[in-house]
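The sequence and structure come next.

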Amino acid sequence: MSHDVLPETCDLLIEAGFVIPVVPHAVVLEDHAVAVRGSEIVAILPIAEARQRYAAAQTISRPEAALLPGMVNAHTHNPMTLLRGVADDLPLMEWLQNHIWPVEAAVIGPEFVADGMALAIAEMIRGGTTCANENYFFPDVQAAVYKRHGFRARVGLPVIDFPTAWAKTSDEYFDRAGEVHDQWRGDALIGTTFAPHAPYTVNDANFERVRMLSDQLDVPVHLHTHETAQEIADSLQQHGQRPLARLDRLGLVNDRLIAVHMTQLTEAEIHLCAERGVSVVHCPESNLKLASGFCPACALQRAGVNLAIGTDGCASNNDLDMFSETRTAAQLAKAVANDATALDAASALHAATLGGARALGFGDLIGSIEAGKQADLICVDLGALETQPLHHVVSQLIYATGRHQVSDVWIAGKARMQQRVLVDIDTAALIANARQWRERIRTLHG
């Protein structure tokens with residue numbers, strides 16, 4: 001009588017030349033497989049063992065590829081894909097006040113947001129991003145479009161001190177925020193954050209309301225801050241305090257704060273962030289392009305601050321390429337710290353995956369390949385001539401790999417791209433639609 005154990009069933013077995021789980025740190029597992037059941041990762045094990053143990057409904061074999069967690073874009077304004085390149089080579093305030101805000105005022109509405117989001121989601125999936133931290137108007141529309149495409153996101157609930165197409169008064173911003181939060185509470189893919197725009201566009205009373213609601217609803221606060229030297233100078237003049245000190249006085253410097261940009265930091269501010277559990281989102285390419293300054297990524301990381309990476313919006317970057325962003329982050333960190341060992345490849349990859357997941361409060365769900373986590377996974381083909389020879393897989397991913405090498409993407413166990421072909425997305429229609437928006441923006445804004 002045979003004592004063979006019957007194999008367990010699973011929905012998907014992904015076999016790869018290299019599995020990079022991110023946890024444990026800097027580990028590369030050669031010839032390993034990841035087993036997925038439903039939306040969840042059930043095991044990471046050597047390929048030979050996986051074939052014996054599992055009877056998979058589908059097996060994907062990628063012997064030349066690295067399998068890693070999907071990238072988490074921890075700060076983005078995705079509807080702004082439709083404004084890509086509309087006002088380049090200008091400093092932040094001139095760019096915002098004289099160009100971006102007037103164009104937005106002319107075109108913004110549910111249709112603009114939905115169409116910009118659809119274009120962004122396709123671009124992100126093609127680039128290996130499986131989760132975004134969104135910061136824009138019409139979060140109800142954003143959430144619906146993310147959900148329709150099976151994409152994971154935190155959607156920002158905007159708060160700003162002036163009327164926009166989304167809301168006219170402070171009360172209306174908060175009422176609408178509450179409605180969107182309630183609508184998506186408990187959703188498997190979509191969460192919310194409060195997104196007060198910046199210290200220079202939100203008053204103390206509104207920040208206090210944000211803090212109170214963030215505590216009550218256990219929702220993160222996603223905020224641009226310490227972005228430019230000008231912002232610091234203006235805050236000192238208006239409030240007699242640097243923005244972070246003001247936010248601290250208002251009770252917002254805590255483990256729910258997602259602080260974006262942070263190019264102007266003292267040593268004391270870095271330690272305050274570490275002590276309070278603040279997450280910092282580094283957006284190096286946008287900061288470089290707008291000449292906003294340099295985030296001290298290495299100093300933050302070494303102080304124990306959770307570091308994440310974001311592309312910012314396409315109007316200031318001009319892409320949603322997390323591979324390029326992470327490479328820039330690693331290189332810039334070295335120059336800023338004047339230390340070639342700063343933000344090494346494995347630490348940069350951590351920031352782009354688990355660092356982002358933790359910043360969003362999704363650290364128990366995504367960001368690493370561990371049993372029990374959601375199967376948000378990407379395959380990156382390293383067999384191409386540009387990534388040969390392969391001495392160190394993680395170094396190659398950070399310093400030599402382009403987003404065009406992403407071959408397959410899964411979110412919550414569902415295929416979103418297979419061998420470079422997007423699933424359930426009509427790329428020709430997206431391109432035609434983007435061109436139509438170009439004409440509308442040209443007509444409206446000249």
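Trp-410 stands opposite Ala-415 in S15. The model is predicted. Strand S14 (residues 406-411) and strand S15 (residues 414-418) run antiparallel. Three bridges join them. Two residues lie between the strands in this hairpin. Ala-412 has a positive phi there, near 50°.

S15 also pairs with S16, again through antiparallel bridges. There are two of these bridges. Met-417 has Leu-422 in S16 as its bridge partner. S15 and S16 form a hairpin with two residues between them. In that turn, Gln-419 has a positive phi of about 45°.

## The sheet as a whole

Where do these strands sit in the sheet? The order is S3-S2-S1-S4-S13-S14-S15-S16. The sheet is open, has eight strands and shows mixed pairing. Its edges are strand S3 (40-46) and strand S16 (421-422), each pairing on one side only.

Strand S1 (residues 8-19) and strand S4 (residues 54-69) supply a parallel pair. They are joined by 10 bridges. Val-19 has its bridge partner in S4, at Leu-67. Strands of a sheet pair through backbone hydrogen bonds, in either a parallel or an antiparallel way.

## Helices H5 and H6

Helix H5 (residues 170-184) and helix H6 (residues 204-217) have axes that come within 11 Å. The axes cross at roughly 15°. An angle under 35 degrees counts as roughly parallel, and H5 and H6 are therefore roughly parallel to each other. The crossing of H5 with H6 is right-handed.

H5 makes the contact with Ser-170, Asp-171, Phe-174 and His-181. H6 contributes Asn-206, Arg-209, Val-210, Leu-213 and Leu-217. By class, the contact of H5 with H6 has four nonpolar, three polar and two charged residues.

## Helices H12 and H13

The axes of helix H12 (residues 322-337) and helix H13 (residues 345-359) come within 9 Å. How do they cross, and at what angle? The crossing angle is roughly 135°. That makes H12 oblique to H13. The crossing is right-handed.

On the H12 side, the contact is made by Met-322, Thr-326 and Ala-330. On the H13 side, Ala-348, Leu-349 and Ala-352 take part. The contact of H12 with H13 divides into five nonpolar residues, one polar and no charged.

Definitions and conventions:
Residues numbered from 1 in each chain as written. Predicted model: local features only at pLDDT ≥ 70, side-chain atom pairs only at ≥ 80, totals over all residues. Heavy atoms only, no water. Pairing = 2+ DSSP bridges. Helix = DSSP H or I, 4+ residues; strand = E, 2+ residues; numbered from the N terminus. Axes fitted to C-alpha atoms, helices over the stretch in contact; angles between N-to-C directions. Parallel < 35°, antiparallel > 145°, perpendicular 65-115°, else oblique. Left-handed = near helix turned anticlockwise from the far one by under 90°. Contact = heavy atoms within 4.5 Å. Nonpolar A, V, L, I, M, F, W, Y, C, P; charged D, E, K, R; others polar.
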